[in-house]
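I opened the model to go through its strands, pockets and core. These are my notes, in the order I looked things up.

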Amino acid sequence: MSHRLFVAIRPPPPIRDMLIDRMEALDGARWQDDDQLHVTLRFVGEVDARMADDLVASLASVDCPPFPLSLAGVGHFERKGRAHTLWAGLGESEALRRLQGRVEMACRRAGLPPETRKFAPHITIARLNASTDPIGPWIARQGDLASQPWIVDAFTLFESHLSASGALYEPVRRYALLR
């Protein structure tokens, strides 16, 4: 049996509520729901049960103290000149980059190949397609998105279950960040 996994930080409810409040006035956008809002530290993908167990154990060795993180702006990712994802940005955080690097090393110790994509910290808020209205006006209205810092005190290994109605994310194990 295979498992589709990723490692992420879940923002607290007030931050998720702030993001949900911005999810409007863009016809054709497929907005994320509350359960889907996260900061991906490492997408793992499909692995067998043994690799999943090795990963669970390896991630337990990640050592990092809690740190503040905040929302800062919005943007989009494109492919071939077409926007496909809207995201909320995060304030610059060396601690977040350090945590992501330690998660990456734990994934490698578990036997996963190195991640080749550059880490681009964000929270996906919508998926877009060819029928989505132009995003420029929405980005202009939401560009001032900012939050007070919250304390990141854990990260989670999630399993993603794909379905016709979208992905469902199931927490596999939560890892506390300790001082």
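**Hairpin of β5 and β6**

I started at the hairpin of β5 and β6, which has two residues between the strands. Lysine 80 takes a positive phi near 55 degrees there. The model is a predicted one, and I read every value with that in mind. I noted that lysine 80 is a residue other than glycine with a positive phi. I placed lysine 80 in the loop between β5 and β6. Is lysine 80 buried or exposed? I found lysine 80 exposed, with a relative accessible area of 85%. The cut-off for exposed is over 50%, so lysine 80 qualifies.

I then followed the two strands. β5 and β6 pair in the antiparallel sense, and I counted seven bridges.

I checked alanine 25 next. Its phi is near 60 degrees, again positive in a residue other than glycine. Alanine 25 sits in the loop between α1 (13–21) and β2. I read 59% relative accessibility for alanine 25, which counts as exposed.

**Strand β1**

I turned to β1. Which strands pair with β1? I found β3, antiparallel to β1 over eight bridges. I also found β9, which runs antiparallel to β1 and is joined to it by four bridges. On the β3 side, isoleucine 9 has valine 39 as its bridge partner. On the β9 side, valine 7 has leucine 157.

**The nonpolar core**

I looked for the largest nonpolar core and found 50 residues in it. Leu59, Leu99 and Phe155 have the most contacts inside this core. Helix α3 (residues 94–109) gives the largest share of this core, six residues. Another core lies apart from it, with five residues, including Phe6, Ala8, Phe158 and Ala167. My background note reads that nonpolar side chains tend to be buried together in soluble globular proteins.

I listed what leucine 59 touches, leaving aside neighbours within four places in sequence. Its contacts are Val7, Val103, Ala106, Phe155, Leu157 and Tyr175.

Leucine 55 was my next stop. I found leucine 55 in helix α2 (residues 49–59). Its relative accessible area is 1%. Buried means under 20%, so leucine 55 is buried. What does leucine 55 contact, beyond neighbours within four places in sequence? I listed Leu5, Val44, Cys107, Ala110, Leu112, Leu157 and Tyr175. I also took a C-alpha distance: leucine 55 and glycine 111 are separated by 8.2 Å, though they are 56 residues apart along the chain.

**Pockets**

I went to the largest pocket. I read about 1,100 Å³ of space in it. Its lining has 32 residues. Which of them lie nearest the centre? I wrote down Thr40, Arg117, His122, Thr124 and Arg127. Several strands supply at least two lining residues each, among them β1 (2–9), β7 (122–127) and β10 (166–176). β3 gives the largest share, four residues. By class, I noted 10 nonpolar, 13 polar and nine charged residues in this lining.

The second largest pocket holds about 180 Å³ of space. I found 14 residues lining it. Arg10, Pro11, Asp153, Ala154 and Arg174 lie nearest its centre. β1, β8 (150–152) and β9 each supply at least two of its lining residues. I sorted this lining into nine nonpolar, one polar and four charged residues.

**After β10**

I finished at arginine 179, which lies in the segment after β10. I read 84% relative accessibility, and arginine 179 counts as exposed. Which residues does arginine 179 touch, not counting those up to four places away in sequence? I found Pro65 and Pro66. I also compared arginine 179 with arginine 42. They are 137 residues apart in sequence and 23 Å apart in space, C-alpha to C-alpha.

Notes
Residues numbered from 1 in each chain as written. Predicted model: local features only at pLDDT ≥ 70, side-chain atom pairs only at ≥ 80, totals over all residues. Heavy atoms only, no water. 1 Å grid on protein atoms, 1.4 Å probe; cavity = no way out; pocket = protein on both sides within 12 Å on 5 of 7 lines; lining within 4 Å. Points joined across faces, edges and corners; volume = space filled by probe spheres on them. Nonpolar A, V, L, I, M, F, W, Y, C, P; charged D, E, K, R; others polar. Pairing = 2+ DSSP bridges. Core = buried A, V, L, I, M, F, W, Y, C linked by side-chain atoms within 4.5 Å. Buried < 20%, exposed > 50% of the residue type's maximum accessible area, 1.4 Å probe, protein only. Contact = heavy atoms within 4.5 Å.
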